[in-house]
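Hi,

Here is the structure I promised to send over.

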Amino acid sequence: MKFNLAFYLMQLRKRLWVKPLIYCLLAVLASLLAMAADFAVFGRYLPDISPDTIETLLKIISSSMLAVATFAVGSMIASYASASDAATPRAFALVLADDVSQTALSSFIGAFIFSIVSIVTLKTGLYERGGLFVLFVLTLAIFGWVVLTFVRWVDNIARLGRLGTAIDKAEAAARNSMEQRRKNPWLGGVAKTGANALEGAAVYSPNIGYVQHIDMQGLQSLADEHDLHMMVETLPGTFVAPGRAVVLLGEGQKVDEELAARIARKFVIGDDRTFEEDPRFGLIVLSEIAARALSPAVNDAGTAIVIIGRFVRLFAGWAKALDDALPEARHDRIIVPALDLGEMFDDAFTVLARDGAGNVEAGIRLQKAFVSLSALGQADYIEQARRHARLALGRAETALTLPEDTERLRRIAGLLEP
């Protein structure tokens, strides 16, 4: 339950209304807590502030913050639409989760609520000498915070809808997810091998959609309780449909309908893929951005070349040895397959090779990327780089019309041959 709660809290954090709501509650609390100074011993020694002075400041904040918040919402929506159009709709979630924009909108709304609540309490005469001074200090602090936030937000919103920002955010999301999986390749379970793979009864989920999260602790608890061994069949990012098992049991092990339903509930299934636990999704989003850039309507090979460079950086990071040893299996009854490097290469490079087949600049950069990845010296990287170099060259040979262009690609691809 603890792990599922953490996942849901992380998803809730992405909602645009959550942070403004928190700021509103804090604003109301700050306004009311100012009255506590009246009951403190030092309250009578604080400077005497005129209520009219505070009211004037609060009215300035209340009259301006609602308009600024409305302007902020309009600007954010325009930036979100621009990012979706210029990059890919799948990047919308990344732009929506922009922390600077959420903080700015929350600050504007929170300041508005603070000013309204403070004016009401001020007019009712609830503040005395200490409370008025604390309220005055809070008002100045909030006013300064709003000004600084607005300046920072204006600088951020100018970049938020740009294609480069969407690429940066997609790369960061992919890198974070890949780094977490690199440190925990089997999600705390036992690595799947040819020797320990299970082929027993299958457990299916009644839901249809993408696996977003697996409660490994919950699966381990059920396995301990019923003396079971399980093998995860659907990693985060997998599309679950009728006939697609989420778990396989050991030979001879059976579960009733109630236990099967409890096992299936340990898999959080939603309509969309998420970035946090699905490293392949970040690669797919970057690939989609490159595909749109290579379309005849856009014809922007430069963006595709930039993304190829990002892929090289991501895969080079994935290949690095860990500074610390891999963690021990915390869930010894759960067998989990590792991510397949071939599928990750397919996610990243197949669309680029297909849509960039007729573009010699993108083709050359793609072949050079494969040479760079093979230079990492790992056998699986060399194998995948050679496979995709051959596929990309084959597609280019059918699309390019100038023999010299084809020959340039062949020379670079030839560097990968043993």
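**Aromatic pairs**

Phe 275 and Phe 281 are both buried. Please keep in mind throughout that this is a predicted model. The two residues, Phe 275 and Phe 281, also form an aromatic pair of the tilted kind, with 4.6 Å from centre to centre and 40° between the planes.

Across the whole structure, the search finds 12 aromatic pairs. Another of interest joins Phe 71 and Trp 153: the ring centres are 5.8 Å apart and the planes stand at 85°, so this pair is edge-to-face. Phe 71 belongs to helix H3 (residues 51-86) and Trp 153 to helix H6 (residues 129-160), so the pair ties together parts that are 82 residues apart in sequence.

**Nonpolar cores**

Some of those names come back here. The largest nonpolar core has 68 residues, and the members that touch the most others are Leu 219, Met 230, Phe 267, Phe 311, Phe 315 and Phe 349. Helix H11 (residues 301-319) supplies the largest share of this core, with 10 residues. Another core, of 33 residues, lies apart from the largest one and includes Ala 72, Leu 105, Phe 108 and Phe 112.

**Salt bridges**

How many salt bridges does the structure hold? The count is 19.

- Glu 55 forms a salt bridge with Lys 123, with 2.9 Å between the closest N and O atoms. This pair links distant parts of the chain, since Glu 55 is in helix H3 and Lys 123 in helix H5 (residues 99-123), 68 residues apart. Glu 55 counts as buried at 10% relative accessibility, whereas Lys 123 is exposed, with a relative accessible area of 57%.
- Arg 182 forms a salt bridge with Glu 179, and here too the closest N and O atoms are 2.9 Å apart. Arg 182 and Glu 179 are 3 residues apart in helix H7 (residues 163-183), so about one helical turn separates them. Arg 182 is buried, with a relative accessible area of 14%, and Glu 179 is partly exposed, at 27%.
- Asp 278 forms a salt bridge with Arg 273, the closest N and O atoms lying 2.7 Å apart. Asp 278 counts as buried, at 4% relative accessibility.

Beyond these pairs, a network of salt bridges links Asp 168, Glu 171, Arg 175, Arg 310 and Arg 313.

**A sheet**

Strand E3 (residues 209-214) runs antiparallel to E5 and is joined to E5 by 2 bridges. Within that pairing, Gly 209 stands opposite Val 240.

Happy browsing, and write back with any questions!

Best wishes

Note on methods. Residues are numbered from 1 along each chain as its sequence is written. This is a predicted model: local features need pLDDT of at least 70, side-chain atom pairs count only at pLDDT 80 or more; totals for chains, interfaces and linings use all residues. Side-chain values use heavy atoms; hydrogens and water are left out. Two strands pair if DSSP finds at least two bridges between them. Helices (H or I, at least four residues) and strands (E, at least two) are DSSP runs, numbered from the N terminus. A nonpolar core is a set of buried Ala, Val, Leu, Ile, Met, Phe, Trp, Tyr and Cys residues joined through side-chain atoms within 4.5 Å. Buried means under 20% relative accessible area, exposed over 50%, partly exposed in between (1.4 Å probe, protein chains only). Rings of Phe, Tyr and Trp (its six-membered ring) pair if their centres lie within 6.5 Å; planes under 30 degrees apart count as stacked, over 60 as edge-to-face and the rest as tilted. A salt bridge is a side-chain nitrogen of Lys or Arg within 4 Å of a carboxyl oxygen of Asp or Glu.
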